[in-house]
Amino acid sequence: MYIDLRSDTVTRPSPPMRQLMANAEVGDDVYGDDPTVKALEAEGARLSDKAASLFLPSGTQANLVALLTHCQRGDEYIVGQKAHNYLYEAGGAAVLGSIQPQPLDANDDGSLPLDKVLAAIKPDDILFAQTRLLSLENTHSGRVLPISYLQQAWALTREKNLALHIDGARIMNAAVALKVPLREITQYCDTLTICLSKGLGAPVGSLLCGSEEYIKRAIRWRKMTGGGMRQAGILAAAGLYALQHNVERLQQDHDNAVWLEQKLRDIGVEIIAPGAQTNMLYIRQSAELAAQMGPWMRERGVLISAGPVTRMITHLDIRRSDLERVVTLWYEFLTLHN
């Protein structure tokens with residue numbers, strides 16, 4: 001078994017999660033008949049303090065459905081230049097929804113500068129797309145958006161009659177890092193996604209949370225984009241287990257990332273600021289060194305997406321003893337290549 005630090009998407013369902021999946025009560029979810037899906041959606045709505053939520057197969061589809069539900073053809077959303085639902089989801093909003101993105105460079109803390117957001121909002125003129133939505137990402141590259149910033153962004157969108165969506169692929173990491181209930185974050189958005197298949201450890205699935213009217217419209221988009229599932233309770237059971245058992249334990253991943261950061265600093269590895277705020281750590285090394293490190297580590301049972309900027313992510317399948325081995329191997333590698 002590899003020590004896999006490439007992403008928290010590589011997590012495997014635990015035996016208790018698999019048992020719950022095997023015993024899940026199911027029905028046809030397209031008909032609204034699956035009780036386990038209903039239970040998962042109710043739990044997502046409760047945790048986020050929204051009126052309703054919707055279970056979708058993937059985070060990419062959840063973000064796409066979110067944008068399609070907020071925006072019409074020819075509308076615009078303001079988004080980070082490196083945000084997942086702009087850069088890493090194959091341009092779905094533009095290609096499938098004819099929704100124009102207006103990307104902005106993020107601040108070092110992952111937030112979008114609100115003065116630049118304000119300047120990017122288009123005037124009501126036939127020459128321009130109509131700006132409908134501000135889309136934020138929390139966490140962004142492992143960085144937690146401050147609640148004070150979310151308050152300011154919320155106030156701006158209220159003033160300018162925009163909706164505010166949060167791509168919350170790792171929003172539970174943000175809540176755990178801030179030591180607040182999820183609702184303390186989500187009170188400052190209209191809609192959000194919660195990914196179940198990253199640090200929370202489910203094999204598949206995301207939730208889209210919002211008002212009852214919004215989710216009713218989102219169901220149609222989910223069906224149109226191929227996300228209508230039948231006996232989906234088998235998958236929903238895993239998500240329900242994840243929300244009930246795997247949120248508080250995210251702190252272990254954060255602690256492991258901080259520990260790894262310090263140990264790598266001690267052997268001379270350059271850590272990119274601000275270091276580990278949640279479960280992500282970025283390091284900088286030469287392209288030549290990175291090209292040798294990836295295969296060298298793999299031969300010794302460690303998977304790392306080695307590059308000039310190398311991202312490492314801790315998760316529920318990574319133990320402290322695994323990280324001790326990684327540090328030992330890293331030191332050995334540096335010794336051999338100095």
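1. Arg300 and Glu299 are joined by a salt bridge, with the closest N and O atoms 3.4 Å apart; the term denotes a side-chain nitrogen of Lys or Arg within 4 Å of a carboxyl oxygen of Asp or Glu. Arg300 is partly exposed at 29% relative accessibility, whereas Glu299 is exposed at 66% (buried is under 20% relative accessible area, exposed over 50%, partly exposed in between; 1.4 Å probe, protein chains only).

2. This is a predicted model, in which local features need pLDDT of at least 70 and side-chain atom pairs count only at pLDDT 80 or more, while totals for chains, interfaces and linings use all residues. Residues are numbered from 1 along each chain as its sequence is written, and side-chain values use heavy atoms, with hydrogens and water left out.

3. The count of salt bridges comes to 14. One of them pairs Asp29 with Arg222, at 3.5 Å between the closest N and O atoms. This pair links distant parts of the chain, 193 residues apart: Asp29 lies in the loop between α1 (15–22) and α2 (35–48), and Arg222 in helix α10 (residues 212–224). Helices (H or I, at least four residues) and strands (E, at least two) are DSSP runs numbered from the N terminus. Both Asp29 and Arg222 are buried.

4. Asp190 and Arg158 also form a salt bridge, at 2.7 Å from N to O. Asp190 is in the loop between α9 (182–186) and β7 (191–195), and Arg158 is in helix α7 (residues 147–159). Asp190 is partly exposed, at 24% relative accessible area; Arg158 is likewise partly exposed, at 36%.

5. Ile126 is exposed, with a relative accessible area of 86%, and is located in the loop between α6 (114–120) and β5 (130–137).
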